[in-house]
Amino acid sequence: MRVDPGQTCFHSRGMEAIVAFLDVLGFSEYVTTDIAAASGLLGAHSTTLIRLEDQLHHPPERYADPRSRELAHRHAVDSFHHFLPMSDSIIIVGKDPEPFVEQLSTFLVDAFLLEGHAFAHPDEPAAPTVQKMNTFSPSGVSETKANWFPALWRGGLSFGQVEVVTLPMIRDNWPKCVAVAFGSAVVEAVGLEKSGKGPRLFC
């Protein structure tokens, strides 16, 4: 596909929507400590894509039991209209606030639990991000250590006007398109994220 520089690949109409801006806490320090482990932390949200694929094959509406159907809805991501990662930050846009907040809460908890149990019960309390692992080989078993950084997020949540455009970019010397969200709700969500300290969601 040929991309004409300066032109939008696609333009999405503005809409009233709920916006979450999430930022990984401590990421700059993690990068200087262990860039490989830090890059693995960016994959904490990969569960979102797994859930999306799962709900396409197993829609919550197909569950006969009401409790199972409710649980499936909570763990789905069908309220995420746009999910836009940018380095250690993510912008998520949704149209329906109620399921959006429920699914966002589940996403944040599950992303933390991917490696959070190791952080809560560290092998070395003085260095809680360091985990010991046994490596098996023909010569025997050896112990290695690796950094497991916890996916702790701080974010802002807002409702208002949002615009999403798909702009041209270059990756590996080849033109591509990337989605970008902006608007009053995005500005407010970003500002709210900076309004406090610690892993929490401000709204």
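Predicted model: local features only at pLDDT ≥ 70, side-chain atom pairs only at ≥ 80, totals over all residues.
## Around L41

Leaving out residues up to four places away in sequence, L41 touches V24, F27, Y30, F149, P150 and A151. Its place is in helix α2. L41 counts as buried because its relative accessible area is 5%, and the cut-off for buried is under 20%.

L41 and W148 are 107 residues apart along the chain, yet their C-alpha atoms are separated by 8.1 Å.

## The whole chain

The protein chain has 203 residues, and buried residues make up 37% of them. Six helices and nine strands are found in the chain. Along its principal axes, the C-alpha trace spans about 60 × 50 × 40 Å.

Which share of the contacts between residues at least 6 apart in sequence joins residues at least 24 apart? The share is 64%. As for the surface, the chain exposes about 12300 Å², with carbon and sulfur atoms supplying 58% of it.

## The nonpolar cores

Inside the protein, the largest nonpolar core holds 24 residues, and the members that touch the most others are I92, F100, L104 and W153. Two or more residues of this core come from each of β2 (15–24), α1 (27–33), α2 (35–41), β4 (89–94), α5 (97–120) and β7. Helix α5 gives the largest share, with five residues. Another core, of 13 residues, lies apart from this one; its members include V19, I91, V93 and A181.

## Strand β4, covered on both sides

Is β4 largely enclosed or open? Six of its six residues are buried, so the rest of the structure largely encloses this strand. In a regular strand, side chains alternate between the two faces of the sheet. Here S89, I91 and V93 are on one side of β4, while I90, I92 and G94 are on the other, and all of them are buried.

Strand β4 has pairing partners too. With β2, β4 pairs in the antiparallel sense over six bridges; one of the residue pairs is L22 with its bridge partner I90 in β4. Strand β3 (residues 82–86) also pairs with β4 in the antiparallel sense, over five bridges. The strands β3 and β4 form a hairpin with two residues between them, and S87 in the turn has a positive phi of about 55°.

## Two salt bridges

How many salt bridges does a search of the whole structure find? There are two. In one, K145 pairs with E124, with the closest N and O atoms 2.8 Å apart. K145 is in strand β6 (residues 140–147) and E124 is in the loop between α5 and β5 (130–137), so this pair ties together parts that are 21 residues apart in sequence. K145 counts as exposed because its relative accessibility is 51%, while E124, at 22%, counts as partly exposed.

The other salt bridge joins E193 and R154, where the closest N and O atoms are 3.0 Å apart. E193 belongs to helix α6 (residues 184–193) and R154 to strand β7, so the pair ties together parts that are 39 residues apart in sequence. Both E193 and R154 are buried.

L167, M169, V178, V180 and F182 make a nonpolar surface patch of about 340 Å². Strands β7 (153–171) and β8 (174–182) each supply at least two residues of the patch, and β8 gives the largest share, three residues.

Take V180 as an example from this patch. V180 sits in strand β8. Its relative accessibility is 31%, so V180 counts as partly exposed. A patch residue needs over 30% relative accessible area, which is a cut-off that V180 passes with its 31%.

Notes:
Residues numbered from 1 in each chain as written. Heavy atoms only, no water. Patch = residues over 30% accessible without salt bridge, like charges linked within 9 Å, V, L, I, M, F, W, Y side chains within 5 Å. Areas by Shrake-Rupley, 256 points an atom, 1.4 Å probe, with all protein chains shown as cover. Salt bridge = Lys/Arg side-chain N within 4 Å of Asp/Glu carboxyl O. Helix = DSSP H or I, 4+ residues; strand = E, 2+ residues; numbered from the N terminus. Buried < 20%, exposed > 50% of the residue type's maximum accessible area, 1.4 Å probe, protein only. Core = buried A, V, L, I, M, F, W, Y, C linked by side-chain atoms within 4.5 Å. Pairing = 2+ DSSP bridges. Contact = heavy atoms within 4.5 Å.
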